[in-house]
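Subject: Structure for you to look at

Hello,

Here is the structure I promised to pass on. Please open it first, then read the notes below it.

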Amino acid sequence: MLVTEQEQLKAELQELATRHGRRRDALLPMVQEVQRRHGHVSSYAMQVIADLLDIHPVEVHSVVSFYSFLSARPLGRFVIRVCRTISCDMAGKDRVARQLENDLKIKFGETTPDGQFTLEWANCLGMCDQGPAILVNEQVFTGVTPEQVHGILEQCRRRFSAHALAQTAEHAV
Ligand code: FES
């Protein structure tokens, strides 16, 4: 991370800490906001948050590693989480997982080189009677079959192209 980026992030975190009251209970809202804005919570961000809230950096690390929606490493634009809990396991989550790995040419815990997709395991998503269940960012898909995987990925790619196109149009105005 460049020095200027670090300074920018530090200023952002100072503003967040002020907004949330510079207390220990500001920790979760702060890391959630950093995750939302930057796609992950870097070691540098964790250190600054610890300093600002006057807590040990280990506390920040444990919060980031405890919650599956937080990540210490950069994730792809689309994070695909496959439920690996028992009902989805019995409903065939392995076949869906293999298909995702084959289509994206990455393993679970990895991100595609273009930064578009990350594959992650998840625990029960609360859709146990409709497994296998997967979560693509905030969207849940249930009863997923390996045959549907291609369509789900295409849907993400189309959504990204539409978004990129809209941004280009916006900048052209
Ligand atoms: S076991 Fe997969 S959603 Fe509950």
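Which element of the protein chain has the lowest mean pLDDT, and which the highest? Helix α7 (residues 146–172) has the lowest, at 82, and helix α6 (residues 93–104) has the highest, at 98. Keep in mind that this is a predicted model. Over the protein chain the mean pLDDT is 91, and 94% of the residues reach 70 or more. Where pLDDT is low, the coordinates of a prediction should not be read in detail.

Domains

The protein chain is divided into two parts, with domain 1 covering 3–66 and domain 2 covering 78–172. Their C-alpha centres lie 28 Å apart.

A residue in helix α3

Tyr44 is found in helix α3, which spans residues 43–53.

An open sheet is formed by 4 strands in the order β2-β1-β3-β4, with mixed pairing. Its edge strands, each pairing on one side only, are β2 (117–122) and β4 (139–141). On average, neighbouring strands of this sheet are turned by 20° against each other, direction ignored.

Strand β1 (residues 78–83) runs antiparallel to strand β3 (residues 134–136), and 3 bridges join them. With β2, strand β1 pairs in the parallel sense over 6 bridges. Val82 shows both pairings: its bridge partner in β3 is Ile134, and its bridge partner in β2 is Trp121.

Helix α6 packs on the sheet and touches β1, β2 and β3. The direction of α6 makes about 155° with that of β1.

Why is β1 described as largely enclosed by the rest of the structure? The reason is that 6 of the 6 residues of β1 are buried. In a regular strand, side chains alternate between the two faces of the sheet. Both faces of β1 are covered: Phe78, Ile80 and Val82 are buried on one side, and Val79, Arg81 and Cys83 are buried on the other.

Regards

Definitions and conventions: Residues numbered from 1 in each chain as written. Predicted model: local features only at pLDDT ≥ 70, side-chain atom pairs only at ≥ 80, totals over all residues. pLDDT = per-residue confidence, 0-100. Helix = DSSP H or I, 4+ residues; strand = E, 2+ residues; numbered from the N terminus. Domains from an automatic or database assignment. Pairing = 2+ DSSP bridges. Axes fitted to C-alpha atoms, helices over the stretch in contact; angles between N-to-C directions. Contact = placed C-beta atoms within 7 Å. Buried ≥ 20, exposed ≤ 12 C-beta atoms within 10 Å, placed from the backbone.
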